[in-house]
Amino acid sequence: MSPAQTLDKPPVTPANSQKYDVNENYEGEYRFAPIEESQVSRAMIRRYFNTMYERAISDVVIVGAGSAGLSCAYQLASTRPELKITIIEASVAPGGGAWLGGQLMTPMVIRKPADRFLREIGVEYEDEGPFVVVKHAALFTSTLLSRVLAMPNVVLMNATAVEDLMVHEDFQGKQRVAGVVTNWTLVALNHDTQSCMDPNTITAPVIISATGHDGPMGAFSAKRLVSTGLLKELGNMRGLDMNRAEPAIVNGTREVVPGLILTGMELSEHDGSNRMGPTFGAMIGSGVKAAHEAIRILDS
Ligand code: AHZ
């Protein structure tokens with residue numbers, strides 16, 4: 001049998017997998033089940049590119065896996081398990097700024113009533129009256145991430161940047177965001193140094209952008225709306241006021257142009273609303289509201 005034939009043998013089933021069961025032995029010689037390097041490569045390649053193929057047409061694309069994007073993904077994927085939800089995250093590590101609370105400190109403050117979401121995903125907290133505190137922001141983010149990734153209808157593509165929006169014209173000449181243009185983040189960062197590194201696309205009837213406030217990559221879609229002429233100018237995020245900022249972000253979460261919903265701090269750049277600093281209730285509330293908006297659009 002040629003090496004290629006060996007590798008193409010049928011996948012292991014529960015029935016014949018027993019022969020690979022090797023007892024763990026920490027007292028004597030520890031042995032692993034045998035493997036060929038090419039099996040490892042093929043195990044990853046087949047799944048990854050099948051996923052890319054399947055998700056080239058998605059129901060919803062969420063851009064950015066920070067606290068707003070992940071809250072949205074959780075709400076949407078758990079409410080509508082039949083939807084193909086594809087999350088695109090530019091960084092290697094999903095989570096955005098939600099691995100820490102404020103100023104590199106670990107506790108995370110969440111104002112009520114967003115504490116309900118913590119109970120829903122199973123994160124413990126201390127109750128301080130008007131707000132609750134999770135002992136470490138990473139506990140919130142890792143729990144939320146694991147709940148989201150465990151849902152079969154969710155795909156997360158990290159180290160992948162959305163570098164443009166697809167904008168189509170309908171039969172009345174109205175502009176509609178119809179998908180996203182993607183590339184590996186390392187490729188997107190090198191467009192000035194290499195030629196011919198064309199991107200890819202994902203088509204979806206609803207795009208939810210959650211790319212955070214302005215920064216090295218932030219507020220991507222809001223800024224692109226301006227350069228495409230779909231938005232006259234950015235409102236630009238205003239100074240910190242927790243009491244104004246949090247309700248403004250949740251209540252303002254909406255479809256800003258046909259096919260594109262903005263959520264989280266990206267919305268502050270679009271609308272010119274205040275920032276709230278290190279309190280995360282609005283990111284949860286805005287993410288949940290973006291999920292409701294997406295369902296409204298898909299069902300209309
Ligand atoms: O890597 C970014 C981060 O994980 C990702 N992202 C940005 N541009 C992207 C692009 N393609 C793909 N073009 C992209 N991914 O988006 C994520 C944004 O997460 P975040 O934590 O920065 O934003 P958020 O709105 O979810 O949470 C904001 C949290 C803040 S900021 C703030 C303040 O400054 O006052 N207060 C709070 C609670």
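C196 sits in the loop that runs between α6, residues 185-188, and β9, residues 200-203. This is a predicted model, so please keep that in mind throughout. The phi of C196 is near 55°, which is a positive value in a residue other than glycine. As a reminder, most residues other than glycine have a negative phi, and most peptide bonds are trans.

Which one is cis here? The bond from K112 to P113 is cis, and its omega is near 15°. P113 also belongs to a loop, the one between β3 (108-111) and α4 (115-121).

Next, the ligand. There are 28 residues around the ligand, and those that come nearest are E89, G97, V162, R275 and G277. V162 has a polar backbone atom 2.9 Å from a nitrogen atom of the ligand. For A90, a backbone N or O atom lies 3.0 Å from a nitrogen atom of the ligand. How much of the ligand does the protein bury? Taken alone, the ligand exposes 810 Å², and the protein buries 89% of that.

Last item, a helix pair. Helix α8, residues 242-252, packs with helix α10, residues 281-299, at an angle of about 10°, and their axes are 8 Å apart. Angles under 35 degrees count as roughly parallel, and α8 and α10 are therefore roughly parallel to each other. On the α8 side the contact is made by E246, I249, V250 and N251; α10 brings G281, A282, M283, G285, S286 and K289. By type, the residues of this contact divide into four nonpolar, four polar and two charged.

That is all I have.

Terms used. Residues numbered from 1 in each chain as written. Predicted model: local features only at pLDDT ≥ 70, side-chain atom pairs only at ≥ 80, totals over all residues. Heavy atoms only, no water. Axes fitted to C-alpha atoms, helices over the stretch in contact; angles between N-to-C directions. Helix = DSSP H or I, 4+ residues; strand = E, 2+ residues; numbered from the N terminus. Parallel < 35°, antiparallel > 145°, perpendicular 65-115°, else oblique. Contact = heavy atoms within 4.5 Å. Nonpolar A, V, L, I, M, F, W, Y, C, P; charged D, E, K, R; others polar. Near = heavy atom within 4 Å. Polar contact = N/O pair within 3.5 Å; in protein donor to acceptor, adjacent residues only side chain to side chain. Areas by Shrake-Rupley, 256 points an atom, 1.4 Å probe, with all protein chains shown as cover.
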